[in-house]
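Below is a short briefing on one protein chain, grouped by topic. The model comes first, then the notes on it.

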Amino acid sequence: TRVEEAKVENGIVRCRAVNAKGETLQLEAERLLLGVGRAAVIKEIGLEATKVKIERGRIVVDQFCRTAEEGVYAIGDLLDTPWLAHGASAEGVLAVEHIAGKNPRPIDYGQVPSCTYCWPEVGSIGLTEPEAKAKGYEVRIGSFPFSALAKASMLGETIGFVKIVADAKYDEVLGVHIVGPHATEL
């Protein structure tokens with residue numbers, strides 16, 4: 001969903017947004033959080049004199065984090081991959097193992113967990129329901145509310161749920177999505 005306009009009127013934020021289907025949405029809230037992302041620092045570091053390719057502000061690499069310049073690798077925030085410390089660490093290990101002549105297995109970015117530090121927290125890995133359907137899977141969904149957990153009740157943290165997206169044919173788990181307290185840790 002793309003936000004087209006946001007106005008504050010009488011202490012209320014009113015947003016007009018357009019979803020992927022082209023439908024206009026009117027949203028109201030007390031506050032608006034704007035997350036604009038980060039930019040990779042790649043200007044004026046000497047890349048201009050190399051064969052390193054840059055697309056949309058990110059360095060282009062192969063499955064082993066190699067650039068088009070022999071002997072030059074790139075990892076982490078320089079790449080168009082999830083900007084997560086554990087992802088960058090895995091890329092670093094992959095690059096070093098490749099440099100050392102080992103036979104490392106490339107990273108499956110579909111299996112890199114992501115998190116959103118908000119309230120309630122959001123933790124996710126794998127495909128969402130719409131992504132799984134778009135890839136042609138016959139999707140089966142399992143969902144469980146935190147409110148049904150005794151521990152959540154004891155802690156007074158019952159808001160949230162776990163959703164599992166699975167392939168109905170083979171029962172393969174395609175994605176897991178958690179919304180609620182401690183979701184990023186889970």
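**Contacts and overall form**

Of the contacts in the chain (heavy atoms within 4.5 Å) between residues at least 6 apart in sequence, 35% join residues at least 24 apart. The model is predicted, so local features need pLDDT of at least 70 and side-chain atom pairs count only at pLDDT 80 or more, while totals for chains, interfaces and linings use all residues. Residues are numbered from 1 along each chain as its sequence is written, and side-chain values use heavy atoms, with hydrogens and water left out.

**Chain**

- Three helices and ten strands make up the secondary structure of the chain; these are DSSP runs numbered from the N terminus, with H or I over at least four residues for helices and E over at least two for strands.
- Along the sequence the pattern is β-β-β-β-β-α-β-β-α-β-α-β-β.
- The radius of gyration is 21 Å, well over the 16 Å that the globule rule gives for 186 residues, so the chain is more spread out than a compact globule. The radius is taken over C-alpha atoms, and the rule is 2.2 Å times the number of residues to the power 0.38.
- Along the principal axes, the C-alpha atoms fill a box of roughly 55 × 45 × 35 Å.
- Buried residues account for 24% of the 186 residues (buried is under 20% relative accessible area, exposed over 50%, partly exposed in between, with a 1.4 Å probe and protein chains only).

**Five-stranded sheet**

- An open antiparallel sheet has the strand order S6-S7-S10-S9-S8, where two strands pair if DSSP finds at least two bridges between them.
- Strand S6 (114-116) and strand S8 (139-145) are at the edges with a single partner strand each, so one side of each has no neighbour in the sheet.
- S7 (residues 122-126) pairs with S10 (residues 173-179) in the antiparallel sense over five bridges, and Gly126 stands opposite Gly175 in S10.

**Cysteines**

- The whole structure contains zero disulfides (pairs of cysteine sulfur atoms within 2.5 Å).
- For Cys65, the nearest cysteine sulfur is that of Cys115, 20 Å away; Cys65 is buried at 2% relative accessible area.
- For Cys118, the nearest cysteine sulfur is also that of Cys115, 9.8 Å away; Cys118 is partly exposed at 35%.

**Asn19**

- Asn19 sits in the loop between strand S2 (12-18) and strand S3 (24-29) and is buried, with a relative accessible area of 17%.
- Its contacts include Thr1 and Leu25, not counting residues up to four places away in sequence.
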